Amino acid sequence: MVDRLSIDTSLWRESDRSESESDLSWDLTMALHAIHRIADKTLNIFVAIVFEVVTVMGINYFAAKHPAMHTPAGSLYVPDFSFGLTAKELHTMFETYGEAGREAYYHVALFDLFPYMFGYSILLTLLLSRAL
């Protein structure tokens, strides 16, 4: 098995690239090498996990601000986690939230769409790279 940390550094020099190799192929190769090098360090995996946990805590913090965002069983009741909702069901859900609930959902959605998705993607990429 080849140690990924001892990758031939000539791969990093653009002057060594063959004429037939496309820019996209070159960019993907360099990105994969960078991902492998990042995934080899346990600290990087740990930082990605901590980032993901903090993001989930942010989602829960904003969701806890409004009780209408929870089912009677206590689970989070937002459109992102409920599939197959019709437009009428969404309007009813947001009417139930009220003004304060809609603002709380706005913050939940910001955390869910940006840092959570970003962190989730990075964490899975690093874990898959490390496993391969």
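Predicted model: local features only at pLDDT ≥ 70, side-chain atom pairs only at ≥ 80, totals over all residues.
A pair of aromatic rings is described by two quantities, the distance of the centres and the angle of the planes. The structure holds 7 aromatic pairs. One of them joins phenylalanine 51 and phenylalanine 118, whose ring centres are 6.4 Å apart. The planes of these two rings stand at 85°, and an angle over 60 degrees counts as edge-to-face, so the pair is placed in that class. This pair links distant parts of the chain, since phenylalanine 51 lies in helix α2 and phenylalanine 118 in helix α3, 67 residues apart. Phenylalanine 51 is partly exposed, at a relative accessible area of 36%, whereas phenylalanine 118, at 53%, is exposed. Ring pairs also link Tyr61, Phe62 and Phe111 into a cluster.

The two helices joined by phenylalanine 51 and phenylalanine 118 may now be considered as whole elements. Two packed helices are described by the angle between their axes and the distance between the axes. Helix α2 covers residues 42–64 and helix α3 covers residues 87–131; their axes come within 9 Å and cross at roughly 160°. Because an angle over 145 degrees counts as roughly antiparallel, α2 is roughly antiparallel to α3. The crossing in which α2 passes α3 is left-handed. Which kinds of residue make up the contact of α2 with α3? They divide into 18 nonpolar, 6 polar and 3 charged residues.

How many salt bridges does a search of the whole structure find? The search finds 1. In a salt bridge, the side chains of arginine 102 and glutamate 99 meet at 3.3 Å, N to O. The two residues are 3 residues apart in helix α3, which means that about one helical turn separates them. Arginine 102 counts as partly exposed, at 35% relative accessibility. Glutamate 99, by contrast, counts as exposed because its relative accessibility of 58% is over the 50% cut-off.

Methods. Residues numbered from 1 in each chain as written. Heavy atoms only, no water. Axes fitted to C-alpha atoms, helices over the stretch in contact; angles between N-to-C directions. Helix = DSSP H or I, 4+ residues; strand = E, 2+ residues; numbered from the N terminus. Parallel < 35°, antiparallel > 145°, perpendicular 65-115°, else oblique. Left-handed = near helix turned anticlockwise from the far one by under 90°. Nonpolar A, V, L, I, M, F, W, Y, C, P; charged D, E, K, R; others polar. Salt bridge = Lys/Arg side-chain N within 4 Å of Asp/Glu carboxyl O. Buried < 20%, exposed > 50% of the residue type's maximum accessible area, 1.4 Å probe, protein only. Phe/Tyr/Trp six-rings, centres within 6.5 Å; stacked < 30°, edge-to-face > 60°.
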